[in-house]
Amino acid sequence: GLEGRIGRVFKAFGPFLKMFATYLKLHERWSAKGADSLEESFAQFVKLGEQDPRCTGLNLASFLIMPVQRVPRYKLLLEELSKRTEPGHPDAADLEAALAVVCDAAGHNNAKIGEKSSNYENLLQLQLKLVDPRGELNLLDWPARKLELGPTEMKKLCRKGPKVFTFWLVSDKILYAQKLAASPGQFMLNRQIPLEECVVEDTAFATLSQRATKRAAALLAAPPAPRDRSQCFQILSAKKSFVVEAPSVRAAADWRDAIARLRGASGPEVAIAPIWTPDKAVKACENCGEAFTVLRRRHHCRACGKCFCADCSKFSKLIPRLDPAKKQRVCVTCFNRPDATRQSYAMPRPSRGPPPPLPWRPPPLLEKDQDDDDTDDDDDDD
């Protein structure tokens, strides 16, 4: 029987995946026109269908992109299965053969795409390279979208230290992802940041290594580093703000200038998330001063981004830019500060000393479904 013999099934049906090349060509034509080109009666039918709960909020474009992603996902599936299957398993040889068949089909489809315009090809190739665990990425739903910059490997300052990510800039968003070790040429998408919700600022240090040698007070007082010598800049947005180090001064300038050009000088006011304080930058709670230990762990306030102990960050508050319905972990200072979560809230500066006493009111403790430690802080590493 075929039970447990996935390799045999893919080996038999893999050659038929080459038929997806025809769909890819037709998808380009539809993408160039968009949903606005549909006849009125059919457009009303589509709109009604998209409201069906079984569509889970996805529109027509989201469903049409799925076949484009199917063959690359089959390839990833077979790579993982082959990697995790013991050599003596009955399906091991068929999995290897199936992977070769699917790779051949993917190569055939990519060759057919070569006849398309370079802009569509670039976006399609990028779409095929990126694995989106959320299933939200669709680079082909706007005909005017272009790949402006990338791939560019840059160091992103995360909570646990610098990590290398690959960045792309398209006409309306920034994308960054991590390489998949088991699948060369494939990337796991971490986040896409709309440019209309994003601003770029200079830093007071030219490299991340220079930042590590300066105290918070010194960074606060220091002017921005000269652009002609700086590889670093800040990407500030509603849900995630962080510092990146480009591979060269020239690359940093290209990214800053391109983002400013695409976003425009008079973009809308955006809600700005704070840049989280790296774990190694603080040895003690920024409120009570108690030293962090194995038992007294660090917790980040979602409103100001600073590090606190559990007692000083056991409060919860709605932060609309993150989630309009779910309360987030905040420190005692931000809990008692009325403007800590407003939409125009700007990135806070490092504290110069203990916070002033505030009027006390009984705080709501964290709800049970919220983590009591910083396991949810791992989101900072995306």
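This is a predicted model: local features need pLDDT of at least 70, side-chain atom pairs count only at pLDDT 80 or more; totals for chains, interfaces and linings use all residues.
**Notebook: aromatic pairs, a helix and a sheet**

Residues are numbered from 1 along each chain as its sequence is written, and side-chain values use heavy atoms, with hydrogens and water left out.

**Entry 1: the whole chain**

I counted eleven helices and twelve strands in the chain; helices (H or I, at least four residues) and strands (E, at least two) are DSSP runs, numbered from the N terminus. Of the 382 residues, 43% are buried. I also looked at contacts (heavy atoms within 4.5 Å). Taking those between residues at least 6 apart in sequence, 61% join residues at least 24 apart. The chain exposes about 20600 Å², with carbon and sulfur atoms supplying 55% of it; accessible areas come from the Shrake-Rupley method with a 1.4 Å probe, and for residues only the protein chains shown count as cover.

**Entry 2: aromatic pairs**

How many aromatic pairs does a search of the whole structure find? I got nine. Rings of Phe, Tyr and Trp (its six-membered ring) pair if their centres lie within 6.5 Å; planes under 30 degrees apart count as stacked, over 60 as edge-to-face and the rest as tilted.

I took F10 and Y74 next: the ring centres are 5.1 Å apart and the planes stand at 75°, so this pair is edge-to-face. F10 belongs to helix α1 (residues 6–13) and Y74 to helix α5 (residues 66–84), so the pair ties together parts 64 residues apart in sequence. F10 counts as buried because its relative accessibility is 15%, while Y74, at 26%, counts as partly exposed.

Back to F167 and W255: they also form an edge-to-face pair, 6.2 Å centre to centre with 85° between the planes. The pair links distant parts of the chain, since F167 is in strand β3 (residues 161–170) and W255 in helix α10 (residues 249–263), 88 residues apart. I then saw that F167 and W255 share one aromatic cluster with F165, Y176 and F242.

**Entry 3: charges over rings**

I checked for a charge over a ring, which needs NZ of Lys or CZ of Arg within 6 Å of the ring centre and within 35 degrees of the ring normal. The charged end of K156 sits over F242, 5.0 Å from the ring centre. K240 has its charged end over the ring of W276, 5.5 Å from the centre.

**Entry 4: helix α7**

I found twelve residues in helix α7 (residues 118–129), reaching 16 Å from first C-alpha to last, close to the 16 Å expected at 1.5 Å a residue; the expected span is 1.5 Å times one less than the number of residues. Which residues of α7 are buried? I noted Y120, L123, L124, L126, Q127 and L128.

**Entry 5: the sheet**

I traced eight strands in an open sheet of mixed pairing, in the order β1-β5-β4-β3-β2-β8-β7-β6. Its edge strands, β1 (130–131) and β6 (198–201), each pair on one side only; two strands pair if DSSP finds at least two bridges between them. Four bridges join β6 to strand β7 (residues 232–237), and the two run antiparallel. I looked up V200 and found its bridge partner in β7 to be I235.

Technical notes
Buried means under 20% relative accessible area, exposed over 50%, partly exposed in between (1.4 Å probe, protein chains only).
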